[in-house]
Amino acid sequence: MSEEKKRTWHHKDLLDVDQLSTDDVGMIFEAARSLQDINSRPVKKVPTLRGRSVVLFFAEPSTRTKTSFDVAGKRLSADTFALAKSSSSLTKGETLKDTALTLQAMNPDAIVIRHWASGAAKFLAERLECSIINAGDGWHAHPTQALLDSFTLSQEWGSIDGIKGKTILILGDIAHSRVARSNVQLLTKLGAKVRLCAPRTLLPACVSDWPVTVHYDLDEAVQGVDAVMCLRLQLERQQAGLLPDLREYSVTFGLSPRHMEMAAQGARILHPGPINRGVEISSELADSAESLILDQVASGVAVRMALLYLYITCTECTQ
Ligand code: CP
């Protein structure tokens, strides 16, 4: 990244994608592209963030996000420190504010936070001097997932401009999905047309205000789409009565090879993971040539390397 471009990065925190302009997103993707080849070298380490420290504060479970931030930090030579709810003093009743101030006193350059409460990342950002990166807060936002999803599509479709004009279906448990909320914002910002498909009970009340078309019939929703993003049925966040029966859900809203025959030729399949195989997506499709699920994981490392690079060096950029 050139010095000129470094100077234009002006964000302290990443709370959601609505903070980012299309130029910002382009800059993140450019940095991710230039950093991603480190991941396929025999020696996967560069000194870019040597001496910098990143706290991974995960108060909810995670495999992909936590590991990829850890890998991303280490490949840029940052020191990463993981704090999980189960092994932290949160279990003794310490508040989020006191936990955050304690972490701040150790002077990290960035805190990556996942928390069950919507707004937790913003709460920290308003109180701490270091960069706060939202790794998922409640049902609110998952900006790094949306960025890696669009980055994956941009690679598949040639460039960030390849997303413009494409039709993308987001399918499944939208009501409980921070991934859906961030993706609707980012994909529409990048010029895609977004369709949603879900049972009425798994759509948020405010969906009529979103820049999307809403479908309740998967056969209709999938017609001609360029990509389908399946969402995990969040069984742990379901309240009683939202779904009559899991099998009925998978028959009515589970993506199967029959549906992909109705999509545009070469249509791609995404899923943020973890997958409930045979519920929201058939196992056959998850493992198919059309599936970008593991490409998303690989993109996650590159995009998170780019984010750590940009956010940790941003205080220098704005001076
Ligand atoms: N997509 C995603 O956030 O996965 P993890 O919960 O495994 O981090």
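1. Glu126 is exposed, with a relative accessible area of 53%; exposed means over 50%, buried means under 20%, and partly exposed lies in between (1.4 Å probe, protein chains only). Glu126 and Arg127 form a salt bridge whose closest N and O atoms are 3.7 Å apart. A salt bridge here is a side-chain nitrogen of Lys or Arg within 4 Å of a carboxyl oxygen of Asp or Glu. Glu126 and Arg127 also belong, with Lys122, to a network of salt bridges.

2. On the basis of the work: this is a predicted model, in which local features need pLDDT of at least 70 and side-chain atom pairs count only at pLDDT 80 or more, while totals for chains, interfaces and linings use all residues. Residues are numbered from 1 along each chain as its sequence is written, and side-chain values use heavy atoms, with hydrogens and water left out.

3. The protein is divided into domain 1 (3-139 + 298-317) and domain 2 (143-296); these bounds come from an automatic or database domain assignment. The C-alpha centres of domain 1 and domain 2 are 26 Å apart. To the contact between them, domain 1 contributes 34 residues and domain 2 contributes 30 residues, where contact means heavy atoms within 4.5 Å.

4. Domain 1 and domain 2 bury about 2,500 Å² between them, with 59% of it on carbon and sulfur atoms. Buried area is the accessible area (1.4 Å probe) that two parts lose on being put together, summed over both.

5. On the side of domain 1 that touches domain 2, at least two residues each come from α2 (22-36), α3 (64-75), β3 (110-115), β4 (131-137) and α12 (293-312). Of these, α2 gives the most, with 8 residues. Helices (H or I, at least four residues) and strands (E, at least two) are DSSP runs, numbered from the N terminus.

6. By class, the side of domain 1 that touches domain 2 holds 15 nonpolar, 11 polar and 8 charged residues. Ala, Val, Leu, Ile, Met, Phe, Trp, Tyr, Cys and Pro count as nonpolar, Asp, Glu, Lys and Arg as charged, and the others, Gly among them, as polar.

7. The salt-bridge rule gives a count of 10, and it finds 1 across the interface of domain 1 and domain 2. Glu60 forms a salt bridge with Arg178, with the closest N and O atoms 3.1 Å apart.

8. Another salt bridge joins Asp109 and Arg52, with 3.3 Å between the closest N and O atoms. The pair links distant parts of the chain, 57 residues apart: Asp109 is in the loop between α4 (96-105) and β3, and Arg52 is in the loop between α2 and β1 (53-58). Asp109 is partly exposed at 22% relative accessible area, and Arg52 is partly exposed at 21%.

9. Arg277 forms a salt bridge with Asp287, the closest N and O atoms being 2.9 Å apart. Arg277 counts as partly exposed at 44% relative accessibility, whereas Asp287 counts as exposed at 55%.

10. Is Asn134 buried or exposed? Asn134, in strand β4, is buried, with a relative accessible area of 0%. The side chain of Asn134 reaches the backbone oxygen of Leu15 at 3.0 Å, and a polar contact of 2.9 Å joins the side chains of Asn134 and Asp137. Leaving aside neighbours within four places in sequence, the residues in contact with Asn134 include Leu14, Ile113 and His140.

11. Some backbone details deserve a check. The peptide bond from Gly273 to Pro274 is cis, with omega near -10°, and Pro274 lies in the loop between β9 and α11. Ser77, although not a glycine, has a positive phi of about 70°; Ser77 is buried, at 14% relative accessible area. Asn107 also has a positive phi, near 60°, but Asn107 counts as exposed at 57% relative accessibility.

Notes
A polar contact is a pair of N or O atoms within 3.5 Å; within protein, one must be able to donate a hydrogen and the other to accept it, and residues adjacent in sequence count only if both atoms are side-chain atoms.
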